[in-house]
Amino acid sequence: RGACQIAPSWPCVFARKAPSQVSPAAVRRSPITMNNANEEFVACRQVQGNPYQPPHDRGGKEETYFGAFLPEQFVVPHRLRSKPTELIETVNDWHFAMINDQPRNRFYQTLLREVITPDSVVLEIGAGSGLLSIMAAKAGAKKVIAIEANREMATLATQIIAANGMSDRIEVINRMSTDVHLHDLSAVPTILVSEILGTLLLGESALHYVQDARARLVTPGAAILPKLGTQYVTLIESEEVHRITAVCSWEDIDLRHFNALQDTTSLVFTKQYGFRFSSCPHRFLSGKLPVLKIDFACAQTETAFPEEQRVRFQATATGQAHAVLASWDVSDGARKEVMSTHPDDTIDNFPRDMQWGQALQLLEDSEGLHQPQPTPLMVTAGEWLVLVIRYARDGVNFQCQVEREGAAGAAMEHDGARGAQWSGQQPAAAAQLRPGGAGGAGQKAPAVAGNAQFERDFPPLG
């Protein structure tokens with residue numbers, strides 16, 4: 001669930017819940033098959049800053065049904081033939097793992113039990129299987145309203161609710177929550193619960209949908225579950241990660257030129273790499289650095305994150321910083337109950353790593369960005385560094401860069417852990433290295449006859 005990448009310069013968000021290398025969506029995972037229309041839709045979404053949308057009926061648009069592109073001699077069970085391909089892929093990609101994440105289920109069960117009274121009316125957005133809505137009903141809520149955008153998923157939730165004897169207390173609405181109005185509800189909710197979190201905290205546009213529901217669909221002062229969320233990044237050293245993302249030589253054959261194509265720009269989900277990070281040998285070179293703090297009870301998408309933020313921190317160990325690792329946690333208001341995706345917290349939770357996991361962005365020394373090859377970023381224990389975080393317009397995706405304190409571009413004011421916040425025009429340093437930005441290295445050639453022109457000359461290593 002999390003962020004994917006449609007093209008090198010298009011950070012998107014699809015999966016938990018949905019990132020893929022065809023990709024990143026607001027979401028987490030493995031590659032998703034997307035046709036040209038889907039790619040265009042996601043690309044437009046990123047330009048306009050619109051939120052991630054889960055699989056659902058988009059205004060009667062024709063959907064591709066599962067098995068349509070399989071060889072005709074392949075057997076497809078009848079139960080799958082009438083289901084959209086995207087739905088089958090996402091359910092098998094992360095829904096099963098999500099539902100079997102027992103600590104996750106207990107986390108939500110505890111939050112609900114702490115706030116529900118016999119008079120409570122609970123609204124769940126993004127209900128999926130209906131599990132959280134059933135939890136709310138079992139906890140004693142008078143009424144539960146479950147909103148689920150996907151038609152097939154809403155039908156399944158209705159069947160699961162009926163099988164558990166809860167049809168008289170749980171109402172399922174098959175619509176996007178943004179298309180539901182207060183007059184559509186049988187009662188005014190006093191509690192809002194959701195689990196629309198991606199591999200990145202806002203990977204599924206959780207703040208966008210919670211803010212909308214909070215403003216229009218619940219009583220003022222309604223309890224918001226979970227209430228708090230924090231996105232973290234941590235510097236890591238891992239020779240195993242390095243071995244699958246860079247190359248030096250084989251026997252006496254020099255292959256270093258290949259590293260000119262190493263992507264140190266994009267966040268990639270660990271599931272996309274095909275490994276579980278906690279099982280990969282690694283060292284942390286910094287503490288968990290909070291780069292985004294969200295209070296879902298009051299935060300606004302318009303002001304929740306800056307275009308750029310700078311955080312001053314100290315390296316905790318000496319080594320080569322191969323990447324930053326992104327993880328998050330969410331909690332109640334008192335942080336008594338916490339759910340985390342940090343690998344130290346998921347080492348005994350295989351389902352969580354298979355539905356959320358973490359994200360990695362490879363690093364290089366920012367002072368060598370104009371070099372023909374990525375320059376290793378070496379850090380020393382106790383050294384002061386500056387973490388630069390650049391957010392996508394909707395906050396769903398972000399990019400990290402590590403600078404040495406006092407280096408060009410790093411001599412900025414900062415206020416403790418938060419760092420100075422940028423707004424308005426992007427910093428000149430970032431613009432210089434953005435495709436199509438002010439001349440020099442990193443500038444993208446103009447399109448010719450509809451096809452992008454690329455620089456095919458690889459400079460000598462020196």
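User: Which residue is the bridge partner of V324 in β18?

Analyst: The general idea is that two strands pair if DSSP finds at least two bridges between them, where strands (E, at least two residues) and helices (H or I, at least four residues) are DSSP runs numbered from the N terminus. In this structure the bridge partner of V324 in β18 is Q361, and β16 and β18 pair in the antiparallel sense over 4 bridges. Please keep in mind that this is a predicted model, in which local features need pLDDT of at least 70 and side-chain atom pairs count only at pLDDT 80 or more, while totals for chains, interfaces and linings use all residues. Residues are numbered from 1 along each chain as its sequence is written, and side-chain values use heavy atoms, with hydrogens and water left out.

User: Which strand pairs with β16 over 9 bridges?

Analyst: That is strand β8 (residues 228–237), which pairs with β16 in the antiparallel sense over those 9 bridges, with T234 facing L325 of β16 as its bridge partner. Strand β17 (residues 338–340) also runs antiparallel to β16, joined to it by 3 bridges, and S331 stands opposite V338 in β17. The hairpin of β16 and β17 has 6 residues between the strands, and R335 there takes a positive phi near 55°.

User: How many residues of β16 are buried?

Analyst: Buried means under 20% relative accessible area, exposed means over 50%, and partly exposed lies in between (1.4 Å probe, protein chains only). In a regular strand the side chains alternate between the two faces of the sheet. For β16, 9 of its 9 residues are buried, and both faces are covered, with A323, L325, S327, D329 and S331 on one side and V324, A326, W328 and V330 on the other. Strand β14 (residues 308–314) has 5 of its 7 residues buried, so it is largely enclosed by the rest of the structure. That strand runs antiparallel to strand β20 (residues 384–391), to which 7 bridges join it, and W384 in β20 is the bridge partner of Q314.

User: How many aromatic pairs does the structure hold?

Analyst: A pair of aromatic rings is described by the distance of the centres and the angle of the planes. Rings of Phe, Tyr and Trp (its six-membered ring) pair if their centres lie within 6.5 Å, and planes under 30 degrees apart count as stacked, over 60 as edge-to-face and the rest as tilted. The structure holds 5 such pairs. One of them joins F107 and Y108, edge-to-face at 5.3 Å centre to centre with 85° between the planes, and both F107 and Y108 are buried. The pair of W328 and W356 is also edge-to-face, because the ring centres are 4.9 Å apart and the planes stand at 80°. As W328 lies in strand β16 (residues 323–331) and W356 in the loop between α11 (350–355) and β18 (359–362), this pair ties together parts that are 28 residues apart in sequence. W328 is buried at 0% relative accessibility, and W356 is buried with a relative accessible area of 1%.

User: Which residues have the most contacts inside the largest nonpolar core?

Analyst: A nonpolar core is a set of buried Ala, Val, Leu, Ile, Met, Phe, Trp, Tyr and Cys residues joined through side-chain atoms within 4.5 Å. In soluble globular proteins, nonpolar side chains tend to be buried together. The largest core here has 81 residues, and those with the most contacts inside it are I125, L197, V233, L235, L387 and F398. A second, separate core of 9 residues includes I236, V241, F275 and L325. F398 also forms one aromatic cluster with F305 and Y391.

User: In what order do the 5 strands of the open sheet stand?

Analyst: The order is β5-β4-β3-β6-β7, with parallel pairing. The edges are β5 (170–173) and β7 (223–225), each with a single partner strand, so one side of each is left without a neighbour in the sheet. Strand β4 (residues 143–147) pairs with β5 in the parallel sense over 4 bridges, and I145 has E171 in β5 as its bridge partner.
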